[in-house]
Amino acid sequence: MNYNQSLDYITKKLSLGIQPGLSRISALLEKMDNPQDKIKIVHIAGTNGKGTVANYIACSLEANGFKVGLFTSPWIFDYREQIQINGEYIGKADFARYISDYKDNECTEFEFLTAVMYKYFADEKVDYAVVECGMGGKGDSTNVEKENVCSVLTSISLDHTDFLGNTIEEITREKEGIIRENSPCFRYRDTGDFERDNTELASRVLDYLGCDTKMFAKPPARQQKIGSILLDGGHNPQSGRALAPIIDNETAVIGMMKDKDIDGYLSFVAPKCKKIICTSVDNKRAVSAAELSEYAKKYCDNVEVIESPREAVKQDNVSLVCGSFYLIREIIDLIS
């Protein structure tokens with residue numbers, strides 16, 4: 001299998017969707033000799049801020065001289081960006097080899113990717129693996145290690161309710177599933193400023209790990225400015241509340257998934273826009289541009305529907321692209 005063949009193989013597993021349970025990945029990791037138990041893991045769960053906190057911790061550990069694996073999702077520029085060591089993506093040859101060697105499994109796409117990540121980090125003998133949960137905690141595919149260095153819980157809000165629960169309390173219990181009996185857990189403390197609160201959380205973890213130098217590296221598409229366009233992959237009300245203070249009078253292209261709290265998100269973002277172009281992402285979970293526009297019209301007087309994200313972002317004076325990470329992935333090559 002070459003790289004393109006291996007990428008095609010694993011991404012076709014997306015058709016399996018999300019399947020609860022850890023039996024499939026556990027069986028695959030057993031074939032790999034349980035690499036997750038051979039590395040020091042900083043495990044991160046939460047609804048918002050996971051990627052930001054993970055990148056801050058990983059970058060700072062690297063600045064202190066450690067070899068650091070980083071596992072985050074979703075990807076924006078390159079599928080391999082989800083698995084990095086000291087800022088370098090897993091090599092195409094390595095990726096293809098792991099997929100080829102262990103392709104005989106019943107795992108979903110994310111389960112297989114997670115197993116490859118643990119195997120790669122163990123083989124490369126990283127000093128630390130900073131691992132972001134994909135969704136949830138207790139039942140998340142990353143939650144397979146016997147012990148970890150510490151657990152980190154970022155801000156928690158209602159999201160993925162079909163899988164995690166319908167209340168903050170239920171979702172919190174699910175996220176707390178990454179906590180290990182003999183390891184500390186660091187929790188997000190809300191003082192009203194998301195960036196400052198995320199930084200404070202990461203700093204407490206780094207202090208525990210003995211890091212003197214702290215380096216901040218914001219992950220892509222989190223309030224990221226490219227040229228004249230601001231990109232933000234937030235998709236729930238808390239993300240909208242974090243974005244609203246830094247935008248004003250925007251021409252925005254927005255696309256979202258239908259299983260998100262669309263109205264809650266738009267209630268924060270849409271009033272700060274002079275024009276909203278609603279579009280539809282190429283994903284079976286995406287809300288249609290027309291349906292999205294009905295929500296947007298509640299908060300903005302100038303709403304347009306353009307089905308194609310690539311056509312939408314080509315319109316005059318677009319200054320903001322926000323909502324789903326899948327939207328940003330579809331248009332990133334047009335503005336980068």
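Which residue of β9 stands opposite Q224? I found L231 there.

I note that the model is predicted, that local features need pLDDT of at least 70, that side-chain atom pairs count only at pLDDT 80 or more, and that totals for chains, interfaces and linings use all residues. Residues are numbered from 1 along each chain as its sequence is written, and side-chain values use heavy atoms, with hydrogens and water left out.

I looked up β8 (residues 224-226) and β9 next: they pair in the antiparallel sense over 3 bridges. Strands are DSSP runs of E, at least two residues, and helices runs of H or I, at least four, numbered from the N terminus; two strands pair if DSSP finds at least two bridges between them. In this hairpin, with 2 residues between the strands, G227 takes a positive phi near 60°.

I then checked the side chains of β9 (residues 229-232). I229 and L231 point one way, L230 and D232 the other, and all are buried (under 20% relative accessible area, 1.4 Å probe, protein chains only).

I traced the open sheet of 6 strands as β8-β9-β13-β10-β11-β12, with mixed pairing. β8 and β12 (303-305) stand at the edges with a single partner strand each, so one side of each is left without a neighbour in the sheet.

Finally, I noted that β10 (residues 250-255) and β11 (residues 273-278) run parallel, joined by 5 bridges; I254 has C278 as its bridge partner in β11.

Technical notes
Buried < 20%, exposed > 50% of the residue type's maximum accessible area, 1.4 Å probe, protein only.
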